[in-house]
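These are my notes on one model, kept in the order in which I looked things up.

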Amino acid sequence: MSDVILTPSAAARVAAIAARQGKPAILRLAVEGGGCSGFQYRFGLADEVESDDLQVEQDGVKLVVDAVSLDLVRGSAVDYVEDLGGSAFKVTNPNAASGCGCGSSFSV
């Protein structure tokens, strides 16, 4: 099993955003304290891959996760979904014991 998966739709969205901003196609997923359920996901474009990052690649786009965050998201899939509620990156995390209605925070 892969540590983390970046879906093709998420990779395509990252590539589009990176191209528009003139940055490398590297999406950083980090977990920080806070949010309604204890931890929250934070996404951002990264300029480079750090030495302790896990990196996975999909269609030429890299997803990087730091070593501390990796413990909380191991086995997760990062997807990009568009529905009536809007569009967003979404993490399907098998480690999350509970989540919240907004889908951006979780507890373990």
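I take two strands as paired if DSSP finds at least two bridges between them. Helices (H or I, at least four residues) and strands (E, at least two) are DSSP runs, numbered from the N terminus. The model is predicted, so I note that local features need pLDDT of at least 70 and side-chain atom pairs count only at pLDDT 80 or more, while totals for chains, interfaces and linings use all residues. Residues are numbered from 1 along each chain as its sequence is written, and side-chain values use heavy atoms, with hydrogens and water left out.

**Sheet**

I started with β6 and β7, which run antiparallel and are joined by 7 bridges. The hairpin between β6 and β7 passes through 2 residues. I looked up two bridge partners in β7: valine 91 for valine 78, and serine 87 for glutamate 82.

I then traced the open sheet, which has 3 strands in the order β1-β6-β7 with mixed pairing. β1 and β7 (86-92) are at the edges with a single partner strand each, so one side of each has no neighbour in the sheet. From one strand to the next the twist averages 25°. Helix α1 packs on this sheet and touches β1, β6 and β7, and its direction makes about 70° with that of β6. For such angles, axes are lines fitted to C-alpha atoms, for helices over the stretch in contact, and the range is 0 to 180 degrees between N-to-C directions.

**Serine 9**

Which residues does serine 9 contact, leaving aside its neighbours within four places in sequence? I found Asp79 and Tyr80, with contact meaning heavy atoms within 4.5 Å. Serine 9 lies in helix α1 and is partly exposed at 34% relative accessibility. I use buried for under 20% relative accessible area, exposed for over 50% and partly exposed for in between (1.4 Å probe, protein chains only). A polar atom of the serine 9 side chain is 3.2 Å from the backbone oxygen of tyrosine 80.

**Core**

I next listed the largest nonpolar core, which has 19 residues. Such a core is a set of buried Ala, Val, Leu, Ile, Met, Phe, Trp, Tyr and Cys residues joined through side-chain atoms within 4.5 Å. Those with the most contacts inside it include Leu63, Val65 and Val78. At least two core residues come from each of β1 (4-6), α1 (8-21), β2, β5 (61-65), α2 (67-73) and β6 (76-83). Beyond four places in sequence, leucine 63 has contacts that include Val4, Leu29 and Val78.

**Arginine 28**

Is arginine 28 buried or exposed? Arginine 28 is buried, with a relative accessible area of 17%, and is part of strand β2 (residues 26-33). The side chains of arginine 28 and aspartate 53 form a polar contact of 2.6 Å. That term means N or O atoms within 3.5 Å; within protein, one must be able to donate a hydrogen and the other to accept it, and residues adjacent in sequence count only if both atoms are side-chain atoms.

**Rings**

I searched the whole structure and got 2 aromatic pairs. Rings of Phe, Tyr and Trp (its six-membered ring) pair if their centres lie within 6.5 Å; planes under 30 degrees apart are stacked, over 60 edge-to-face, the rest tilted. Phenylalanine 43 and phenylalanine 89 have ring centres 5.4 Å apart and planes at 35°, so I logged the pair as tilted. Ring pairs link Phe43, Tyr80 and Phe89 into a cluster.
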